[in-house]
Amino acid sequence: MGEHNQEPTPENMTMMQGFEWYVPADQKHWARLEKHIPQLKKWGIDNIWVPPGCKGSSNQGNGYDIYDLYDLGEFDQKGSTATKWGTKDQLLSLCRKAQELGVGIYWDAVLNHKFAADHREKCQAIEVDPNDRTKNISDKYEIDAWVGFDFDGRGEKYSDMKYHWYHFSGVDYNAANGKSAIYKIIGEQSTGWARSGDVDSEKGNYDYLMGSDLDYSHPEVTSDVLAWGKWLAQELPGGIKGIRFDAVKHYSEDFLRRFIHELDTTYGEGWFFVGEFWKDSLQDMTNYLDRMNHKFSLFDAPLVYNFSEISRGNSADLRKVFDGTLVSRDPISAVTLVQNHDTQPHQALEAPIADWFKPLAYTLILLRDAGYPCIFYGDLYGIVSPDSPSPPSSPELESGPSCNKILPLLTLTRKLYAYGLQASYFDYPTCIGFVRYGTWDRPYGCAVVMSNAGEGSKRMHVGEMHAGERWTDVLGWTQGEEVVIQPDGFGEFRCGGCSVSVWVNCRAEGRELFDKDLL
């Protein structure tokens with residue numbers, strides 16, 4: 001078949017998480033991201049997962065302390081008009097710039113709970129065992145709970161829904177006696193938690209996570225949040241291209257399936273949906289994907305834990321890096337990552353990854369053929385110290401950009417060269433390699449070798465069609481060295497100790513881009 005009859009090879013897509021936990025609370029992050037977008041596009045970033053942009057309990061919170069879904073930084077509520085990230089006008093400007101440059105926006109939807117209620121209401125509740133929420137440890141009695149949401153600053157613009165005690169399934173504080181506990185609310189239509197099988201079974205029933213827990217068995221809650229999804233899709237210029245759902249273990253799978261179906265039905269399919277189902281149990285993850293009919297992706301938490309363990313081991317076995325991971329079991333449904341806002345330093349799910357190992361980890365998620373990679377804002381731009389004053393005039397970085405600043409080189413390599421069939425050379429515990437052969441219309445390919453011990457070398461086949469070509473390391477870490485591809489298509493590729501090298505034809509189209517200071 002002639003080349004003109006072949007289907008073009010789809011371009012590799014890369015996602016970036018557009019924030020880290022300690023981004024300054026200066027209400028300027030939407031503007032900061034807008035400024036970065038042109039350069040991110042040149043580096044090969046196609047979609048940005050933005051932080052939760054709905055009004056939280058204050059303009060210092062990251063948005064997971066959500067107060068009002070319909071306030072994107074437009075109304076004077078909870079002490080300010082802007083969210084931590086900025087005003088709605090700044091958000092709209094960011095979205096317009098992204099649309100102009102062909103960069104998609106993925107929204108971070110926090111649908112499990114609410115915070116910062118406007119008033120207390122009395123309701124009936126039962127205390128439950130925090131380690132087994134199916135076990136009652138008190139009789140039913142009246143509590144005084146923060147569950148009244150009036151949204152006075154917004155009034156009835158966009159939605160006239162006001163939330164009351166019967167819209168929630170649980171809280172963790174009784175203002176009547178000042179006691180903190182997990183309280184299961186007994187409502188007019190609800191007897192407490194979501195039914196077994198509709199939320200995760202950890203702790204018996206993991207419906208309750210934090211704040212005032214929304215009850216999706218109540219039709220008014222369901223109706224309001226479904227309407228919000230459609231409103232959001234229309235409210236942002238160019239529309240959002242996807243949604244990251246926070247804490248999906250903790251609220252109704254039935255509701256989430258309906259939410260996704262209604263967006264697909266109303267606006268057409270093609271949305272990207274990914275859930276934060278943070279568990280190291282591969283079986284639980286695949287079971288969840290089955291129940292969601294695979295219209296959904298999950299972040300590959302087991303892969304992050306593998307990276308952490310191998311990076312902190314003494315000459316650990318690199319061949320096992322993908323053992324027990326989602327990307328090895330269900331690559332189409334896996335979003336691969338190295339670090340995020342929950343696993344970064346000082347966070348509850350911190351998964352330490354040694355600095356020297358991060359270039360290897362990013363190479364594995366960006367240049368191999370499986371999974372949808374997500375790079376982390378904190379690895380690209382650095383992580384602000386949690387002790388930095390807020391709002392800071394010039395925030396103090398706890399750590400600078402990771403990977404010796406070569407992360408943009410890796411994302412660009414993915415965009416230009418990481419195509420075609422893959423051959424893996426996972427044949428030695430501390431030194432592994434792989435080859436991407438390229439395709440008919442993206443023909444250059446690449447060869448990767450990495451070591452977590454001393455210097456490494458692999459004789460790998462890149463194809464007879466490359467015979468006589470001179471390949472060099474796009475990362476520049478083997479400066480001055482080149483590999484001449486032999487008539488049989490093999491080359492001897494090396495890397496430094498505890499390092500990685502990515503070899504590409506020195507005359508490949510796009511190689512001139514690597515000679516520039518990408519940062």
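The following dialogue examines how several descriptions of this predicted model are reached.

Modeller: In this predicted model, local features need pLDDT of at least 70 and side-chain atom pairs count only at pLDDT 80 or more, while totals for chains, interfaces and linings use all residues. Residues are numbered from 1 along each chain as its sequence is written, and side-chain values use heavy atoms, with hydrogens and water left out.

Colleague: What makes Cys495 count as buried or exposed?

Modeller: Buried means under 20% relative accessible area, exposed over 50%, and partly exposed in between (1.4 Å probe, protein chains only). Cys495 has 0% relative accessibility, so Cys495 is buried. Cys498, at 32%, therefore counts as partly exposed.

Colleague: Which residues touch the most other members of the largest nonpolar core?

Modeller: A nonpolar core is a set of buried Ala, Val, Leu, Ile, Met, Phe, Trp, Tyr and Cys residues joined through side-chain atoms within 4.5 Å. The largest has 138 residues, of which Trp107, Leu111, Trp228, Phe245 and Phe259 touch the most other members. A second, separate core of 15 residues includes Ala423, Val435, Met460 and Cys495.

Colleague: With which residues is Phe259 in contact, leaving aside neighbours within four places in sequence?

Modeller: Contact means heavy atoms within 4.5 Å. Among the partners of Phe259 are Leu111, Trp228 and Phe245.
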